Amino acid sequence: VSSFISKYGYCVSAWEESVAARFLRWLTDIPLFIHPLYKKAENILTSSLVFRLLVFIVEKLHIWTALFLLLAFVVPHSRWNNLYSLVAAVLLLVLYSVRVLITNENPFRKNTVNVYLALFILCVVLALVFSTAPASSLRFFAFHLTCYIFVMLIILAVRNGRELFTVVNILLAGCTLSGLYGIYQFMVGIPVDPSLTDVNLNVVTFGRAYSSFDNANNFAEILVMFLPFYFALFLNAKG
């Protein structure tokens, strides 16, 4: 069984040579096919101030991606709409395609989308197709699509350790702001929410901090995911 599902097992090798994986790689290479046309107009384009600004933007794509995620951390979810995230993900993906078009380099690797992520995406698509509540399923499909695009953007936009360090620091800044807001909530007092706390087992208790997430469980998930990064940066800090 391990040889079948392991990192170098049959499932992974079969996926890498599958029609679906080859189609996905071809799809991400479309900007490369247009690159010769760009080269013919490069001298004209580079003389444009607008184009030079566009080049600057796409070169800092990892920063814009991280800054948007920071924004999603700190804006109260009661004022947030997941449509904002989907639109931002699509725009950032377009910027990534522009970068590929200009640089003629596409770092999309065979293992960027492995077989298990592909199976998860397939399940999400099938859940939408066979749903008995299409409207609700479409909303969840858009949410999963947004998350998938941001995963790909972080993998593809970050080109070296320095850029990864920048992205992690920006994300931790957003987590820090959310954490400070959670501490403030605890200090001023939070009403107990019976849907999040068993009041029978906790007769005298404080309400759980939820920060900007409007849900204490979501806030806890963010803290659990990011605390190891804090610890790693602390151990590697100079001075």
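How far apart are the mean positions of the positive and negative charges of the protein? For its 16 positive and 11 negative charges, the distance is 8 Å. Here Lys and Arg count as positive and Asp and Glu as negative, while His and the chain ends are not counted. Each charge is placed at NZ of Lys, CZ of Arg, CG of Asp or CD of Glu.

## About the model

This is a predicted model, where local features need pLDDT of at least 70 and side-chain atom pairs count only at pLDDT 80 or more, while totals for chains, interfaces and linings use all residues. Residues are numbered from 1 along each chain as its sequence is written, and side-chain values use heavy atoms, leaving out hydrogens and water.

## The overall fold

Take a look at the helices: the protein has 11 of them and 0 strands (DSSP runs, H or I of at least four residues for helices and E of at least two for strands, numbered from the N terminus). Of its 239 residues, 30% are buried, meaning under 20% relative accessible area with a 1.4 Å probe, counting protein chains only.

## Meet Phe68

The structure holds 11 aromatic pairs. Rings of Phe, Tyr and Trp (its six-membered ring) pair if their centres lie within 6.5 Å; planes under 30 degrees apart are stacked, over 60 edge-to-face, and the rest tilted. Phe68 and Trp80 make a tilted pair, because their planes stand at 50 degrees, with ring centres 5.8 Å apart. Both residues, Phe68 and Trp80, are buried.

Phe68 also pairs with Phe150, this time stacked, at 5.7 Å centre to centre and 5 degrees between the planes. Phe68 sits in helix H6 and Phe150 in helix H9 (residues 134–157), so this pair links parts 82 residues apart in sequence.

Note on methods. Buried < 20%, exposed > 50% of the residue type's maximum accessible area, 1.4 Å probe, protein only.
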